[in-house]
Amino acid sequence: MSLVDLLVEPFAFTFMTRALVTIVVVSVVCAVLSCWLVLVGWSLMGDAVSHAVLPGVVLAYLVGAPFAVGAAAFGFLAVGLIGAVRDTGRVKEDAAIGIVFTTLFALGLVLVSVVPSQTDLNHVVFGNLLGVSADELTQILVLAAVVLVALVLKRRDLTLYAFDPTHAAAIGLRPRRLGALLLALLALTAVVALQAVGVVLVVALLIIPGATASLLTERFSRMLLIAPVVSVVCGVVGLYASYYLDTASGASVVLTQGIVFALVLLVRRRRPALPGRTRSPLPVGTGA
Amino acid sequence: MTAIDVRDVAVSYGPVLALDGVSVSVEPGRVCALVGMNGSGKSTLFKAVMGAVPLDRGTVTVHGESPARARRRGLVGYVPQSEAVDWTFPLAVRDVVMHGRYVHQGFTRRPRAVDREAVDAALAQVELTDLADRQIGRLSGGQRKRAFVARALAQDASVLLLDEPFAGVDKPTETALTELLRRRAAAGATVLVSTHDLHALPGLADEAVLLMRRVLLHGPTRDVLRPENLALAFGLDAGVAS
């Protein structure tokens, strides 16, 4: 069998073609958003929002609404609850995030366990790239387009918000609104991605591509190109691997992303890090 | 018209009173130094001028306008303390200076020829043209400060607020910044500098405000910097303010 055959053969199946389109679209949207998330320091927030949408998906299934509607509702609910718990001033923000998202995720798992369903709702938890239906793909394409257009149009404002919110305020922009926009796009993106890789692994696609790109360039405009390219390559490689090795599709994609990040990190370690990046929050390491 | 007019302003953070009945007015073309210890309210007064903190009482106007309107018109240029900046952020000097142009740009902030020219001119004024494409973390302390001054210049702000501009800066940069700010003032800009570092002030500031939650003294720099006056703001160790 030739290499071309190896590459083409899987796509004799419609489900594989759909999986390919899905992973390419999801990879691009998540990677572009991840560039801002890693710079604002919202990795934990990405984890939170993507887990918190689970009960929304189950409830949407119950009433026959599109998954995206329920997921988006719970994504925003999670963000609101986190803000409310934090603003009581009784717990720190990371604790507020941890409490809210695990509670909502647990609520989702409880609902999954009691709702009798034809489709396996566990697929929402762990993802089922190979089982994306035509309707779901349409949903993914529409939401992805909305998120991408918003990100591209407001990319300069979002970058300024991430870099220097004080200056943003000083020239009459509204940092709080830009933060809210980023959160809203995060919630929508979580919905786009969860059907591909599942609630548990969405956060990987929301962090790893941006982190990898940040190792490869010192210009944000280039990060915005490198992150989606790397992410798409990993997505496609992961999909092939899962086809030929018969492994879990979403997990294979994420594993590929993680391996590529590790390789890039090893290669780039020789370059002097920027001042400030050498500081380690861990009690071991450089001793700085 | 008065460039910065702060009248009887009080600001508190919870139970902590940060400013208590502060009145300061600065005319266009003047360089005014805010002098006081850490926690004396310098940063809060900056925030009040930018409209970034709610006032318990009093009013602030910038060129006769509310801080919110002044911000939207790009009148206020802010140069942050070095500690307040994420120097690992993947932006080049030129990108940061372009941020000063955002207030003059449209919905997507796409740079036009006039914006690029303003950025180039600002970079030339602070002598960073050769380093324009360098990542901001790869600059020296003095160069970093000049990059942010260039951002305020590109913005064409008529009121410049500089927070501790001489901290961590070498002597040549300090001299160059002083000359640059004097030139901007001569061209009609108003400059407000907050500092607890006094040695550079006589060459820079026309007037100084001694701040300790309230205005202790506001007058010509030389008068304000007399040891007996500094003792009011810094305690008995006047002159070795820190």
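**Stop 1: colour by confidence**

What you have here is a predicted model, so start with pLDDT on chain B: the mean is 91, and 97% of the chain's residues reach 70 or more. Now pick out residues 238-242 of chain B, where the pLDDT is below 50. In the model, that stretch has 10 contacts beyond near neighbours in sequence. For the complex, the predictor gives an ipTM of 0.89 and a pTM of 0.88.

**Stop 2: where the chains meet**

Next, select the residues at the contact between the two chains: chain B supplies 24 and chain A supplies 23. Which elements of chain B give two or more residues to the side that touches chain A? Highlight α2 (67-72) and β5 (76-79) of chain B, and you have them.

**Stop 3: a serine in chain A**

Move over to chain A and show helix α13, residues 220-245, then zoom in on S231(A), which sits in that helix. Is S231(A) buried or exposed? It's buried, because 30 other C-beta atoms lie within 10 Å, and the cut-off for buried is 20 or more.

Leaving out residues up to four places away in sequence, S231(A) touches S27(A), V28(A), C30(A), A31(A), L205(A) and P209(A).

Terms used:
Residues numbered from 1 in each chain as written. Chains lettered and ligands numbered in written order. Predicted model: local features only at pLDDT ≥ 70, side-chain atom pairs only at ≥ 80, totals over all residues. Helix = DSSP H or I, 4+ residues; strand = E, 2+ residues; numbered from the N terminus. Buried ≥ 20, exposed ≤ 12 C-beta atoms within 10 Å, placed from the backbone. Contact = placed C-beta atoms within 7 Å. pLDDT = per-residue confidence, 0-100.
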